[in-house]
Amino acid sequence: MIIIGEKINGSIPSMGRAIAAHDEAFIREIARKQAESEVDFIDVCASVGTGEAETLAWLIGLVQDVCDTPISVDSPNARACVEAMPLCKRPGMINSVSGEGDKLDVVFPAIAGTNWKVMALLCDDKGIPHTPEGRIRVLERILESAAAHGIVHDRIYIDPLVEMLCASETGATTTLNVIRYIRENYPELHISGGISNISYQLPCRRLVNAAFAAAAVSAGMDAAVLDPLDRDLRGMVLAAEALRGEDEYCIEYISAYREGIFGPLSGD
(Lines give C-alpha, C1' and ligand atoms only; values in the text may rest on other atoms or scores of the structure.)
Protein backbone atom coordinates (compact mmCIF):
# COMPACT_ATOMS: atom_id res chain seq x y z
CA MET A 1 0.00 0.00 0.00
CA ILE A 2 1.26 3.45 -0.96
CA ILE A 3 0.67 5.74 2.02
CA ILE A 4 0.14 9.49 1.69
CA GLY A 5 0.30 11.13 5.11
CA GLU A 6 -2.62 13.49 5.59
CA LYS A 7 -1.76 15.41 8.75
CA ILE A 8 -0.26 18.64 7.34
CA ASN A 9 -3.58 20.03 6.22
CA GLY A 10 -5.04 23.31 7.40
CA SER A 11 -8.54 21.83 7.47
CA ILE A 12 -7.50 19.68 10.45
CA PRO A 13 -8.26 21.89 13.49
CA SER A 14 -4.94 21.40 15.29
CA MET A 15 -2.94 21.98 12.11
CA GLY A 16 -5.11 24.96 11.17
CA ARG A 17 -4.30 26.57 14.52
CA ALA A 18 -0.59 25.83 14.06
CA ILE A 19 -0.60 27.42 10.60
CA ALA A 20 -2.44 30.50 11.88
CA ALA A 21 0.02 30.84 14.77
CA HIS A 22 3.06 30.10 12.57
CA ASP A 23 3.99 27.33 14.97
CA GLU A 24 6.91 25.98 12.98
CA ALA A 25 8.07 23.55 15.67
CA PHE A 26 4.67 21.83 15.77
CA ILE A 27 4.49 21.51 11.98
CA ARG A 28 8.04 20.17 11.71
CA GLU A 29 7.32 17.60 14.42
CA ILE A 30 4.21 16.32 12.60
CA ALA A 31 6.23 16.06 9.39
CA ARG A 32 9.02 14.19 11.19
CA LYS A 33 6.63 11.71 12.80
CA GLN A 34 4.94 10.97 9.49
CA ALA A 35 8.30 10.43 7.78
CA GLU A 36 9.39 8.09 10.56
CA SER A 37 6.21 6.07 10.05
CA GLU A 38 7.50 5.26 6.56
CA VAL A 39 4.95 7.11 4.43
CA ASP A 40 5.57 7.34 0.70
CA PHE A 41 4.39 10.95 0.38
CA ILE A 42 3.60 13.75 2.83
CA ASP A 43 0.54 15.69 1.77
CA VAL A 44 0.86 19.46 2.22
CA CYS A 45 -2.40 21.41 2.07
CA ALA A 46 -2.60 25.01 3.25
CA SER A 47 -6.41 25.27 3.30
CA VAL A 48 -6.30 29.00 4.00
CA GLY A 49 -8.58 31.69 2.65
CA THR A 50 -5.88 34.03 1.36
CA GLY A 51 -2.18 33.73 0.68
CA GLU A 52 -2.42 30.09 -0.32
CA ALA A 53 0.66 30.02 -2.55
CA GLU A 54 2.80 31.68 0.11
CA THR A 55 1.51 29.34 2.82
CA LEU A 56 2.12 26.28 0.65
CA ALA A 57 5.70 27.40 0.02
CA TRP A 58 6.28 27.95 3.74
CA LEU A 59 4.83 24.55 4.70
CA ILE A 60 6.84 22.72 2.03
CA GLY A 61 9.99 24.34 3.39
CA LEU A 62 9.18 23.22 6.94
CA VAL A 63 8.57 19.64 5.85
CA GLN A 64 11.81 19.54 3.88
CA ASP A 65 13.68 20.90 6.91
CA VAL A 66 13.19 17.56 8.66
CA CYS A 67 12.82 14.88 5.97
CA ASP A 68 13.29 14.10 2.30
CA THR A 69 9.99 12.28 1.84
CA PRO A 70 8.36 13.30 -1.46
CA ILE A 71 5.72 16.03 -1.15
CA SER A 72 2.12 15.70 -2.28
CA VAL A 73 1.30 19.31 -3.17
CA ASP A 74 -2.38 19.61 -2.30
CA SER A 75 -4.64 22.44 -3.43
CA PRO A 76 -7.91 22.86 -5.34
CA ASN A 77 -6.02 25.55 -7.25
CA ALA A 78 -4.17 23.70 -10.01
CA ARG A 79 -1.94 26.67 -10.76
CA ALA A 80 -0.86 26.91 -7.12
CA CYS A 81 0.17 23.24 -7.28
CA VAL A 82 2.20 23.78 -10.45
CA GLU A 83 3.86 26.90 -9.02
CA ALA A 84 4.96 24.90 -5.98
CA MET A 85 6.71 22.18 -8.00
CA PRO A 86 10.12 23.95 -8.19
CA LEU A 87 10.09 24.32 -4.40
CA CYS A 88 10.23 20.56 -3.92
CA LYS A 89 13.66 18.99 -3.69
CA ARG A 90 12.53 15.82 -5.46
CA PRO A 91 9.59 14.85 -7.68
CA GLY A 92 6.40 14.28 -5.73
CA MET A 93 2.71 14.35 -6.48
CA ILE A 94 0.25 16.98 -7.65
CA ASN A 95 -2.96 16.68 -5.65
CA SER A 96 -4.98 17.19 -7.65
CA VAL A 97 -6.38 17.37 -11.16
CA SER A 98 -9.95 16.68 -12.26
CA GLY A 99 -12.36 17.30 -15.10
CA GLU A 100 -13.17 20.74 -13.68
CA GLY A 101 -12.42 23.87 -15.68
CA ASP A 102 -8.98 23.92 -17.30
CA LYS A 103 -7.19 21.83 -14.67
CA LEU A 104 -6.20 19.13 -17.14
CA ASP A 105 -4.65 21.74 -19.41
CA VAL A 106 -2.75 23.30 -16.50
CA VAL A 107 -1.38 20.22 -14.74
CA PHE A 108 -0.66 17.66 -17.45
CA PRO A 109 1.64 19.87 -19.56
CA ALA A 110 3.52 20.84 -16.39
CA ILE A 111 4.27 17.25 -15.35
CA ALA A 112 4.79 15.82 -18.84
CA GLY A 113 8.36 14.60 -19.22
CA THR A 114 8.96 14.58 -15.45
CA ASN A 115 8.79 11.95 -12.72
CA TRP A 116 5.94 13.70 -10.92
CA LYS A 117 2.83 11.71 -10.03
CA VAL A 118 -0.71 13.09 -10.10
CA MET A 119 -3.89 12.50 -8.13
CA ALA A 120 -6.95 12.64 -10.39
CA LEU A 121 -10.42 13.21 -8.94
CA LEU A 122 -13.44 11.82 -10.77
CA CYS A 123 -15.50 15.00 -10.82
CA ASP A 124 -16.12 17.73 -13.39
CA ASP A 125 -17.90 21.05 -13.77
CA LYS A 126 -21.20 19.34 -12.94
CA GLY A 127 -19.86 18.15 -9.60
CA ILE A 128 -19.42 14.60 -8.32
CA PRO A 129 -21.36 12.11 -10.46
CA HIS A 130 -23.76 10.06 -8.38
CA THR A 131 -23.33 6.86 -10.38
CA PRO A 132 -20.33 4.68 -11.19
CA GLU A 133 -21.02 5.25 -14.89
CA GLY A 134 -20.79 9.00 -14.45
CA ARG A 135 -17.45 8.79 -12.66
CA ILE A 136 -16.11 6.39 -15.25
CA ARG A 137 -16.93 8.91 -17.99
CA VAL A 138 -14.81 11.49 -16.16
CA LEU A 139 -12.06 8.88 -15.77
CA GLU A 140 -11.97 8.24 -19.50
CA ARG A 141 -11.70 11.95 -20.26
CA ILE A 142 -8.81 12.30 -17.80
CA LEU A 143 -6.98 9.31 -19.26
CA GLU A 144 -7.41 10.63 -22.79
CA SER A 145 -5.84 13.94 -21.79
CA ALA A 146 -3.03 12.19 -19.91
CA ALA A 147 -2.22 10.03 -22.93
CA ALA A 148 -2.03 13.10 -25.14
CA HIS A 149 0.76 14.38 -22.88
CA GLY A 150 2.59 11.07 -22.66
CA ILE A 151 1.69 10.45 -19.02
CA VAL A 152 1.57 6.71 -18.42
CA HIS A 153 -0.97 5.04 -16.15
CA ASP A 154 1.56 4.15 -13.45
CA ARG A 155 2.00 7.86 -12.69
CA ILE A 156 -1.72 8.44 -12.18
CA TYR A 157 -3.52 7.97 -8.86
CA ILE A 158 -7.27 7.90 -9.32
CA ASP A 159 -9.42 9.21 -6.47
CA PRO A 160 -12.92 7.80 -7.08
CA LEU A 161 -14.12 10.26 -4.42
CA VAL A 162 -14.99 9.07 -0.94
CA GLU A 163 -18.18 10.71 0.28
CA MET A 164 -19.50 11.10 3.82
CA LEU A 165 -21.29 7.90 4.78
CA CYS A 166 -23.89 9.75 6.83
CA ALA A 167 -24.83 11.98 3.89
CA SER A 168 -25.11 9.38 1.13
CA GLU A 169 -26.66 5.94 1.54
CA THR A 170 -25.14 4.71 -1.73
CA GLY A 171 -21.93 6.75 -1.72
CA ALA A 172 -19.68 4.04 -0.28
CA THR A 173 -21.11 1.39 -2.59
CA THR A 174 -20.60 3.65 -5.59
CA THR A 175 -16.98 4.31 -4.64
CA LEU A 176 -16.25 0.61 -4.13
CA ASN A 177 -17.86 -0.26 -7.47
CA VAL A 178 -15.69 2.32 -9.24
CA ILE A 179 -12.58 0.93 -7.53
CA ARG A 180 -13.44 -2.57 -8.74
CA TYR A 181 -14.04 -1.34 -12.29
CA ILE A 182 -10.73 0.51 -12.44
CA ARG A 183 -8.74 -2.37 -11.00
CA GLU A 184 -10.25 -4.79 -13.53
CA ASN A 185 -10.03 -2.57 -16.60
CA TYR A 186 -6.99 -0.37 -15.91
CA PRO A 187 -4.65 -2.52 -13.82
CA GLU A 188 -1.67 -0.16 -14.09
CA LEU A 189 -3.53 2.81 -12.59
CA HIS A 190 -3.14 3.46 -8.89
CA ILE A 191 -6.33 3.93 -6.89
CA SER A 192 -6.32 6.21 -3.89
CA GLY A 193 -8.65 8.40 -1.83
CA GLY A 194 -9.10 10.11 1.51
CA ILE A 195 -10.00 7.32 3.94
CA SER A 196 -11.18 9.66 6.70
CA ASN A 197 -13.69 11.37 4.40
CA ILE A 198 -16.04 8.44 4.92
CA SER A 199 -16.56 9.12 8.63
CA TYR A 200 -17.17 12.87 8.87
CA GLN A 201 -19.85 13.73 11.45
CA LEU A 202 -20.01 10.17 12.79
CA PRO A 203 -19.06 8.99 16.30
CA CYS A 204 -16.09 6.63 16.74
CA ARG A 205 -14.66 7.72 13.41
CA ARG A 206 -11.66 5.42 13.66
CA LEU A 207 -13.90 2.35 13.50
CA VAL A 208 -15.63 3.56 10.35
CA ASN A 209 -12.30 4.51 8.77
CA ALA A 210 -10.85 1.08 9.47
CA ALA A 211 -13.90 -0.74 8.12
CA PHE A 212 -13.88 1.32 4.93
CA ALA A 213 -10.13 0.89 4.47
CA ALA A 214 -10.52 -2.89 4.62
CA ALA A 215 -13.37 -2.80 2.10
CA ALA A 216 -11.49 -0.44 -0.25
CA VAL A 217 -8.31 -2.51 -0.20
CA SER A 218 -10.37 -5.63 -0.86
CA ALA A 219 -11.92 -3.87 -3.88
CA GLY A 220 -8.51 -2.93 -5.29
CA MET A 221 -7.32 0.33 -3.69
CA ASP A 222 -3.52 0.36 -3.57
CA ALA A 223 -2.85 3.85 -2.21
CA ALA A 224 -4.52 5.94 0.48
CA VAL A 225 -4.49 9.38 2.03
CA LEU A 226 -4.71 8.64 5.73
CA ASP A 227 -3.38 9.33 9.20
CA PRO A 228 -0.15 7.31 9.22
CA LEU A 229 0.13 7.67 12.99
CA ASP A 230 -3.09 5.70 13.52
CA ARG A 231 -1.48 2.36 14.29
CA ASP A 232 -4.73 0.41 14.25
CA LEU A 233 -5.60 1.76 10.79
CA ARG A 234 -2.16 0.91 9.42
CA GLY A 235 -2.53 -2.62 10.76
CA MET A 236 -5.98 -2.96 9.24
CA VAL A 237 -4.70 -1.93 5.81
CA LEU A 238 -1.82 -4.40 5.97
CA ALA A 239 -4.14 -7.18 7.14
CA ALA A 240 -6.56 -6.43 4.28
CA GLU A 241 -3.72 -6.62 1.76
CA ALA A 242 -2.68 -9.99 3.14
CA LEU A 243 -6.25 -11.27 2.93
CA ARG A 244 -6.43 -10.09 -0.69
CA GLY A 245 -3.43 -12.27 -1.46
CA GLU A 246 -1.01 -9.40 -2.09
CA ASP A 247 1.38 -10.16 0.78
CA GLU A 248 3.09 -13.50 0.20
CA TYR A 249 3.36 -15.45 3.46
CA CYS A 250 2.31 -12.22 5.27
CA ILE A 251 5.91 -10.99 5.14
CA GLU A 252 4.98 -7.30 4.90
CA TYR A 253 2.43 -7.61 7.70
CA ILE A 254 4.92 -9.33 10.00
CA SER A 255 7.75 -6.94 9.13
CA ALA A 256 5.60 -3.86 9.78
CA TYR A 257 4.57 -5.28 13.14
CA ARG A 258 8.18 -5.90 14.12
CA GLU A 259 9.13 -2.39 13.03
CA GLY A 260 6.39 -0.90 15.21
CA ILE A 261 4.33 0.54 12.34
CA PHE A 262 1.27 -0.89 14.06
CA GLY A 263 0.53 -2.79 17.24
CA PRO A 264 -2.26 -4.77 18.89
CA LEU A 265 -5.76 -3.42 18.36
CA SER A 266 -7.14 -1.40 21.26
CA GLY A 267 -8.18 -3.70 24.10
CA ASP A 268 -6.08 -6.68 22.94
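Which residue in S2 is the bridge partner of Asn 9? The first legend gives the residue, and every view below is drawn from a predicted model.

Figure 1. Cys 45 is the bridge partner of Asn 9 in S2. Strand S1 covers residues 2-9 and strand S2 covers residues 41-45, and the two pair in the parallel sense over four bridges.

**Figure 2. The largest nonpolar core and a separate core.** In soluble globular proteins, nonpolar side chains tend to be buried together. The largest nonpolar core here has 70 residues. Those with the most contacts inside this core are Ile 8, Ile 27, Val 44, Val 73, Phe 108, Ile 111 and Ile 156. Helix H8 (residues 205-219) supplies the largest share of the core, seven residues. Another core, of eleven residues, lies apart from it; among them are Ile 2, Phe 41, Met 119 and Leu 161.

**Figure 3. Surroundings of Ile 27.** Neighbours within four places in sequence are left aside in this view. Ile 27 is then in contact with Ile 8, Met 15, Ala 18, Ile 19, Trp 58, Leu 59 and Leu 62.

**Figure 4. Helix H6 and what covers it.** Helix H6 has 17 residues, 132-148. At 1.5 Å a residue the helix should span 24 Å, and its end C-alpha atoms are 24 Å apart, which agrees. Buried residues of H6 include Pro 132, Gly 134, Ile 136, Leu 139 and Ala 146. Arg 135 and Ser 145 in H6 are also buried. The cover over the buried residues of H6 includes strands S4 (93-99), S5 (117-124) and S6 (156-159), together with helices H5 (103-111) and H7 (171-185). Just after H6, Gly 150 has a positive phi of about 70°.

Figure 5. The structure holds zero disulfides. For Cys 88, the nearest cysteine sulfur belongs to Cys 81 and is 9.9 Å away. Cys 88 is buried, with a relative accessible area of 11%. For Cys 166, the nearest cysteine sulfur is that of Cys 204, 14 Å away. Cys 166 counts as partly exposed, at 42% relative accessibility.

Technical notes
Residues are numbered from 1 along each chain as its sequence is written. This is a predicted model: local features need pLDDT of at least 70, side-chain atom pairs count only at pLDDT 80 or more; totals for chains, interfaces and linings use all residues. Side-chain values use heavy atoms; hydrogens and water are left out. The expected span of a helix is 1.5 Å times one less than its number of residues. Buried means under 20% relative accessible area, exposed over 50%, partly exposed in between (1.4 Å probe, protein chains only). Contact means heavy atoms within 4.5 Å. Two strands pair if DSSP finds at least two bridges between them. A nonpolar core is a set of buried Ala, Val, Leu, Ile, Met, Phe, Trp, Tyr and Cys residues joined through side-chain atoms within 4.5 Å. A disulfide is a pair of cysteine sulfur atoms within 2.5 Å.
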